[in-house]
Amino acid sequence: MKKISIALIITLFVNSFATAEENFFSCSLGLSSGIPIYGSSSLSDEADKISTDSRIIAGAFLNLNLNPINQITFFGGAEVLSDLNWNNDSYKHFSHIGFPLGIKIYPGLGGLCFGIAYELGFRGEFLKDKEGKTSNEISSWGNGFKTVLEYNFSHIGKSNHYPTIGTSWNLMPRGHNAYDNIFQFYIAANL
């Protein structure tokens, strides 16, 4: 029985490697922006006390992909999305750090895929008010989830290096019954 199981696993592995259009292992490196919605009322109250004139929301991510067959990709990686708000006297910066582990499914509509991931992460909070009082804190680590909708041009293209565009929604618990909703838009290079 063991020999049959081992032979079956090796056959599936070799078959999936031979039939995949993309490389069996691949990497995606991307830039993102988005809209974070903070669930903590105390954080919102503290941040509202700081008036800011300028705001940038920018992020980056790296995913390592395993492509066993053409319709499924398993991925894991690391990402950061920074919400930077400032004026001459004060600032409020938030950095969302996450480590997703999930699956993407291609339903046969070109490079369109849907995905879901378990994500472990936290939020860093950096505040400075007009009086010069600073506060640097890290939220509780949270076990959240992430949904993905993207179009991977390299999935059906002649090159494995075509880009991917996509959007995602991430629900992350931050402790004390607070949840952050993070909506992101991104573009990635496939390596």
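Is Asn-85 buried or exposed? In this predicted model, Asn-85 is buried, with a relative accessible area of 4%. The residue counts as buried because its relative accessible area is 4% and the cut-off for that class is under 20%. Asn-85 belongs to strand β3, and its side chain forms a polar contact of 3.1 Å with the side chain of Asp-83. Apart from neighbours within four places in sequence, the contacts of Asn-85 are with Thr-52, Ser-54, Arg-55, Tyr-91, Lys-92 and His-93.

The setting of this residue is a chain of 191 residues, of which 40% count as buried. Its secondary structure consists of 2 helices and 9 strands, and along the sequence these elements follow the pattern α-β-α-β-β-β-β-β-β-β-β. Among contacts with a separation of 6 or more, 62% are between residues 24 or more positions apart.

The confidence of the prediction should be kept in view. The mean pLDDT of the chain is 85, and 83% of the residues reach 70 or more. Residues 12-20, however, have a pLDDT below 50, and this stretch makes 7 contacts in the model beyond near neighbours in sequence.

The pairing of the strands may be followed from strand β9, which spans residues 179-190. Strand β1, comprising residues 25-37, runs antiparallel to β9 and is joined to it by 10 bridges. Within this pairing, Ile-37 has Asn-181 of β9 as its bridge partner. Strand β8, residues 164-173, is likewise antiparallel to β9, and 10 bridges join the two. Here Trp-169 has Phe-183 of β9 as its bridge partner. Strands β8 and β9 form a hairpin with 5 residues between them, and Gly-175 in the turn has a positive phi of about 90 degrees.

The two faces of β9 can also be set apart. In a regular strand the side chains alternate between the two faces of the sheet. On the covered face of β9 are Asp-180, Ile-182, Gln-184, Tyr-186, Ala-188 and Asn-190. The uncovered face carries Tyr-179, Asn-181, Phe-183, Phe-185, Ile-187 and Ala-189. Both bridge partners named above, Asn-181 and Phe-183, are listed on the uncovered face.

Strands β1, β2, β3 (72-86), β7 (142-152) and β9 each supply at least two residues of its lining. The largest share, 5 residues, comes from β2.

Asn-65 links several of these features. Beyond residues up to four places away in sequence, Asn-65 touches Phe-24, Phe-25, Ser-26, Cys-27, Ser-28, Thr-73, Phe-74 and Phe-75.

Notes
Residues numbered from 1 in each chain as written. Predicted model: local features only at pLDDT ≥ 70, side-chain atom pairs only at ≥ 80, totals over all residues. Heavy atoms only, no water. Contact = heavy atoms within 4.5 Å. pLDDT = per-residue confidence, 0-100. Buried < 20%, exposed > 50% of the residue type's maximum accessible area, 1.4 Å probe, protein only. Helix = DSSP H or I, 4+ residues; strand = E, 2+ residues; numbered from the N terminus. Pairing = 2+ DSSP bridges. Polar contact = N/O pair within 3.5 Å; in protein donor to acceptor, adjacent residues only side chain to side chain.
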